[in-house]
Amino acid sequence: MGKPAPIKNPEVKVTQLFINNEFVNAESGKVFPTINPCTGDKIIDVQEADKADVDKAVSAAKAAFKLGSPWRRTDASQRGRLLNKLADLMEEDIAYIGSLETLDNGKPYSTAIGDLEFCIKVMRYYAGWSDKYHGKSIPVDGNFFCYTRLFAAWICNVRRGSYAID
């Protein structure tokens, strides 16, 4: 299967911050222009996160991992299905996402598609591991029980201008 054709002028559909499973405006109301590195033209204004927004996002992430939270009570197999659903959605929109990546940071479209294909494979890999908890007991001196427990825990990382999509 060949690579999908790029979208010449992809519409930017979202310019907000994504915090606590919602798209929101920056607390400060500030925006900044994202610039097309090939032409120097402004693509669009996007929300500018500051300390208050970061604090809100960190609080939401901490709450998601507290004992008894809905995320912590989600079955491991369901977490795997969610990661696979995200991979499915990325596959469906690979031309759009790749075109946005190319527009925003100037990387070649084929590289953007390759990065996305790799990211999708990583999502599927961790989706497969999500319900396969296992670990090892580690012998230690004294009256202690020491073990490792391996599990999938995702941290989203989208950095401007560095090609990161994970």
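Phenylalanine 23 sits in strand β2, residues 22-24 (strands are DSSP runs of E with at least two residues, numbered from the N terminus). This is a predicted model, in which local features need pLDDT of at least 70, side-chain atom pairs count only at pLDDT 80 or more, and totals for chains, interfaces and linings use all residues. Residues are numbered from 1 along each chain as its sequence is written, and side-chain values use heavy atoms, with hydrogens and water left out.

**Exercise 1.** Work out why phenylalanine 23 counts as partly exposed.

*Solution.* Start with the cut-offs: buried means under 20% relative accessible area, exposed over 50%, and partly exposed in between (1.4 Å probe, protein chains only). Next, take the value for phenylalanine 23, which is 46% relative accessibility. So phenylalanine 23 counts as partly exposed.

**Exercise 2.** Find what lysine 42 touches, leaving aside its neighbours within four places in sequence.

*Solution.* Then look for contacts, meaning heavy atoms within 4.5 Å. With those neighbours left aside, lysine 42 is in contact with Pro33, Thr34 and Ile35.

**Exercise 3.** How far apart are lysine 42 and aspartate 104 in sequence and in space?

*Solution.* Along the sequence, lysine 42 and aspartate 104 are 62 residues apart. Now go from C-alpha to C-alpha: the distance in space is 9.9 Å.

**Exercise 4.** Say how many helices and strands the protein chain has, and in what order.

*Solution.* Count five helices (DSSP runs of H or I, at least four residues) and six strands. From the N terminus on, they run β-β-β-β-α-α-α-α-α-β-β.
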